[in-house]
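Reader: Could you show me how to read a helix and its surroundings? I am new to this and would like to go step by step.

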Amino acid sequence: MKRSATAHWIGSGTAGLGQLTTPSNVLKQAQYSYLTRFANGVGTNPEELVAAAHAGCFSMKLAFNLQALGVVPTFINTQCEVVLENGTIISSHLRVEAVVPDLSLQQFEELVADARQNCPVSKLLTISTTSEALLK
């Protein structure tokens with residue numbers, strides 16, 4: 001399985017504007033810019049998207065962990081806070097609340113720890129990256 005997204009940027013880093021698009025059209029020319037990243041402009045930013053991906057991936061992995069025990073959650077709510085400091089993402093913090101019938105706190109904490117370590121986005125945040133460059 002492969003997934004993709006496209007970023008289109010015009011202009012300088014501080015005055016330019018970008019658009020993000022995904023083949024599913026969930027993001028269709030979604031605006032991002034210096035202001036949306038470092039101030040309070042209208043649009044999204046890479047760190048917000050990483051946080052959304054991490055929260056969503058973690059919640060799904062936790063649901064699969066619960067399913068493996070034969071337990072179905074009433075709901076799982078996960079908030080993710082990504083911290084960008086000095087040009088580097090230095091942390092991603094997950095805060096999860098769930099209602100899960102017939103599950104002890106200890107079981108829940110163990111399943112949360114497993115989901116945190118094993119969801120694909122958690123693993124992504126520790127890998128090396130590659131790139132290729134085409135100049136036209």
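Reader: What covers the buried residues of α2?

Author: Good place to start, and keep in mind that this is a predicted model. The cover includes α1 (34–38), β4 (75–85), β5 (88–99), α3 and α4 (120–124).

Reader: Which residues of α2 are buried?

Author: Here is the general idea. An α-helix has 3.6 residues a turn, so residues three or four places apart point the same way. In this case, the buried residues of α2 are Glu 47, Ala 51, His 54, Ala 55, Cys 57, Phe 58, Ser 59, Leu 62, Asn 65 and Leu 66.

Reader: Is His 54 buried or exposed?

Author: Buried means under 20% relative accessible area. His 54 has 4%, so His 54 is buried. This residue of helix α2 (residues 46–68) touches Cys 80, Ser 92, Leu 94, Cys 119, Val 121, Ser 122 and Leu 125, leaving aside residues up to four places away in sequence.

Reader: At what angle do α2 and α3 pack?

Author: The angle is about 130°, and the axes of α2 and helix α3 (residues 105–118) are 9 Å apart. The two helices are therefore oblique to each other, and α2 passes α3 in a right-handed crossing.

Reader: Which residues in α2 meet α3?

Author: On the α2 side they are Phe 58, Lys 61, Leu 62, Asn 65 and Leu 66. Their partners in α3 include Phe 108, Leu 111 and Val 112. By class, this contact has 7 nonpolar, 2 polar and 3 charged residues.

Notes. Residues are numbered from 1 along each chain as its sequence is written. This is a predicted model: local features need pLDDT of at least 70, side-chain atom pairs count only at pLDDT 80 or more; totals for chains, interfaces and linings use all residues. Side-chain values use heavy atoms; hydrogens and water are left out. Helices (H or I, at least four residues) and strands (E, at least two) are DSSP runs, numbered from the N terminus. Buried means under 20% relative accessible area, exposed over 50%, partly exposed in between (1.4 Å probe, protein chains only). Contact means heavy atoms within 4.5 Å. Axes are lines fitted to C-alpha atoms, for helices over the stretch in contact, and angles run from 0 to 180 degrees between N-to-C directions. Angles under 35 degrees count as roughly parallel, over 145 as roughly antiparallel, 65 to 115 as roughly perpendicular and the rest as oblique. A crossing is left-handed if the near helix is turned anticlockwise from the far one by less than a right angle, and right-handed if clockwise. Ala, Val, Leu, Ile, Met, Phe, Trp, Tyr, Cys and Pro count as nonpolar, Asp, Glu, Lys and Arg as charged, and the others, Gly among them, as polar.
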